[in-house]
Each structure stands twice: as C-alpha cells, then as structure tokens.
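Hi,

Here is the model I promised to pass on.

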Amino acid sequence: MTTLTPQKPAIPQPGGDVTPAPEPRPTPEPRPAQDPAWRELVDAVREAGQYPTRSEAESVTRVVLSALGGHVVGDERVDLARALPEEAARVVASQIPATRSLTAAEFVDSVAARIEGATPATARWDVSSVLSVLPPLVGDELVTRILGQLPPGYALLFGRAELTPAA
C-alpha cells in the first residue's frame with residue numbers, strides 16, 4: 001500500500017532555486033474594537049459596586065441591563081437604547097418584553113436567579129450598582145419616564161428617593 005504525504009508547494013526563487021512555501025501562520029481571531037463608552041459604563045459600575053475585577057463588573061452590568069431590557073418598553077426602551085453605549089444598547093434591545101411587570105423585589109430576585117451564588121441581598125447590591133450609574137449617563141428626565149413605567153419601588157434601585165403622595 002502506498003501512502004501519500006502532502007507536500008508543501010514550492011516557491012520558485014530567482015536563479016532557478018526552489019524553496020518550500022513557509023508554514024501558514026494561524027490567524028488570530030479578530031477582536032471587535034471595545035467601545036470606550038461601554039468601558040466607561042463598566043468602570044463606573046465597578047467603582048459603584050466595589051467589584052474586584054472589571055470582568056465581574058461587566059458580567060453584572062450585562063445581567064442587570066438584560067433584566068431591565070425586558071421591563072422597559074415603548075419609547076422609553078428606544079430612548080434608553082439610544083442613550084446607552086452601543087454594547088449596552090444591544091443588551092437592552094435584545095430582550096423580549098416581559099409578560100408581566102415585576103415588583104422591585106421580584107426584579108431583584110430575578111437578577112439573583114441569573115447570577116451564580118447570588119442572594120437577594122447581593123443581587124440588590126448588583127442591581128443598584130448598575131442602575132445607579134444610569135441617571136448621569138442617560139439623563140434624569142429619561143430615568144423619570146422609565147420609573148413612571150415601572151411599579152413602585154424601583155426608584156431606590158436607581159439611587160433616588162421614592163416619594164409617595166400624602167394621603
């Protein structure tokens with residue numbers, strides 16, 4: 001039985017010499033350019049939440065924004081996506097709208113379910129760490145509109161006092 005071994009193609013050289021073609025180099029996977037605004041958002045979350053690594057802050061940011069994206073609808077969702085860095089906008093906009101509104105406590109519990117090892121207390125910290133950095137980024141007016149869409153209790157998660165009308 002004859003075994004065929006593939007040969008490297010030859011490259012003719014000046015003067016008639018032939019040298020084997022060089023080994024192909026593995027092409028590194030292209031990395032998308034990291035949006036500086038996304039990095040600033042993650043860094044703000046890292047600082048607000050005192051996360052030890054940028055990776056942890058980024059993970060928490062993605063989880064919280066994806067949860068929020070399912071609960072903000074209509075013009076507020078569109079305006080929120082426009083005001084956020086491109087990567088954050090993708091996270092928010094890619095969510096299917098929730099079928100029912102969650103109370104703030106249920107929202108925190110839903111985030112806790114998405115983060116391995118999270119408790120309601122740590123999830124509340126995570127949610128507040130992300131949502132509290134949004135007002136300076138997206139504007140107080142938009143946050144007010146978003147809060148008007150959500151059940152009572154979310155204002156504290158955004159770092160605002162929740163004022164209720166006197167009876």
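Below is what I found, going from the whole chain to two residues.

A quick word on the ground rules: this is a predicted model, where local features need pLDDT of at least 70 and side-chain atom pairs count only at pLDDT 80 or more, while totals for chains, interfaces and linings use all residues. Residues are numbered from 1 along each chain as its sequence is written, and side-chain values use heavy atoms, leaving out hydrogens and water.

The chain has eight helices and two strands (DSSP runs, numbered from the N terminus: H or I of at least four residues for helices, E of at least two for strands). Starting at the N terminus, the order is β-β-α-α-α-α-α-α-α-α. Of the 167 residues, 36% are buried (under 20% relative accessible area; exposed is over 50%, partly exposed in between, with a 1.4 Å probe and protein chains only). Among contacts (heavy atoms within 4.5 Å) with a separation of 6 or more, 59% link residues 24 or more positions apart.

Now for glutamine 34, which sits in the loop between β2 (18-20) and α1 (36-49). Glutamine 34 is partly exposed, at 39% relative accessible area. Beyond its neighbours within four places in sequence, glutamine 34 contacts Arg39 and Glu58. Its C-alpha is also 9.9 Å from that of glutamate 86, 52 residues away along the chain.

Serine 66 belongs to helix α2 (residues 54-69). Is serine 66 buried or exposed? Its relative accessibility is 12%, so serine 66 counts as buried. Not counting residues up to four places away in sequence, serine 66 touches Val91, Gln95 and Arg114.

Cheers
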